[in-house]
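I opened a notebook page for this protein. My entries follow in the order I looked things up.

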Amino acid sequence: MTNTKSDHAKNQVLDLFTRLQLSLQQHATPERYQYVLNILETGISKVKHNQQMPERQARVVYDQIASQVFVDKLHFTTDENKVLTAINEVTHSQKGWGEFSMLGTTNTWSSQ
């Protein structure tokens, strides 16, 4: 992966995480979404500080949010669902061996 491609992926993931974060903060009861906001904050921090590949962090964030939505019965707006779909698409952006190696990501839970 070239540096330009890596920077593009990083910027794309940070943009998606930030857009979802800002949107969730606008809900009438943002405290219901606090756990999801924490997931996003951790994801933003890890990608900004190059602690995780953007595609892998997107997969972790997507999986954790999907689980939390199910558990807490959270409802997202149409735009928020579009951002989540885009995050999920980033997780599958690597082709061939890149996608195969992503299956080896065993630690998908945050290290907090």
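**Entry 1: a charged pair.** I began with Asp15 and Arg19, which both lie in helix α1, four residues apart, about one turn of the helix. I take helices (H or I, at least four residues) and strands (E, at least two) as DSSP runs, numbered from the N terminus. Asp15 forms a salt bridge with Arg19, and their closest N and O atoms are 3.6 Å apart. For a salt bridge I need a side-chain nitrogen of Lys or Arg within 4 Å of a carboxyl oxygen of Asp or Glu. I searched the whole structure and found one salt bridge. Asp15 is partly exposed, with a relative accessible area of 39%. Arg19 is partly exposed too, at 44%. Buried means under 20% relative accessible area, exposed over 50%, and partly exposed in between (1.4 Å probe, protein chains only).

**Entry 2: ground rules.** I noted that this is a predicted model, where local features need pLDDT of at least 70 and side-chain atom pairs pLDDT 80 or more, while totals for chains, interfaces and linings use all residues. Residues are numbered from 1 along each chain as its sequence is written, and side-chain values use heavy atoms, with hydrogens and water left out.

**Entry 3: the overall plan.** I counted five helices and zero strands. Of the 112 residues, 39% count as buried.

**Entry 4: Ser6.** I went back to α1 (residues 3-25), where Ser6 lies. Ser6 is partly exposed, with a relative accessible area of 25%. Its C-alpha atom is 8.2 Å from that of Pro54, 48 residues apart along the chain.

**Entry 5: α2 and α3.** Next I checked helix α2 (residues 34-48) against helix α3 (residues 54-72): their axes come within 10 Å and cross at roughly 175 degrees. That makes α2 roughly antiparallel to α3, a label for angles over 145 degrees. The axes are lines fitted to C-alpha atoms over the stretch in contact, and angles run from 0 to 180 degrees between N-to-C directions. Among the residues that meet are Tyr35, Ile39 and Leu40 in α2, and Pro54, Val61 and Ile65 in α3. Contact means heavy atoms within 4.5 Å.

**Entry 6: α4.** Which residues of α4 are buried? I listed Glu80, Val83, Leu84, Ile87, Val90 and Thr91. They cover an arc of only 115 degrees around the axis, which puts them on the same side of α4. The arc is that of the directions from the helix axis to the C-beta atoms. On the other side of α4, Thr78, Asp79, Lys82 and Glu89 are exposed.

Definitions and conventions:
Angles under 35 degrees count as roughly parallel, over 145 as roughly antiparallel, 65 to 115 as roughly perpendicular and the rest as oblique.
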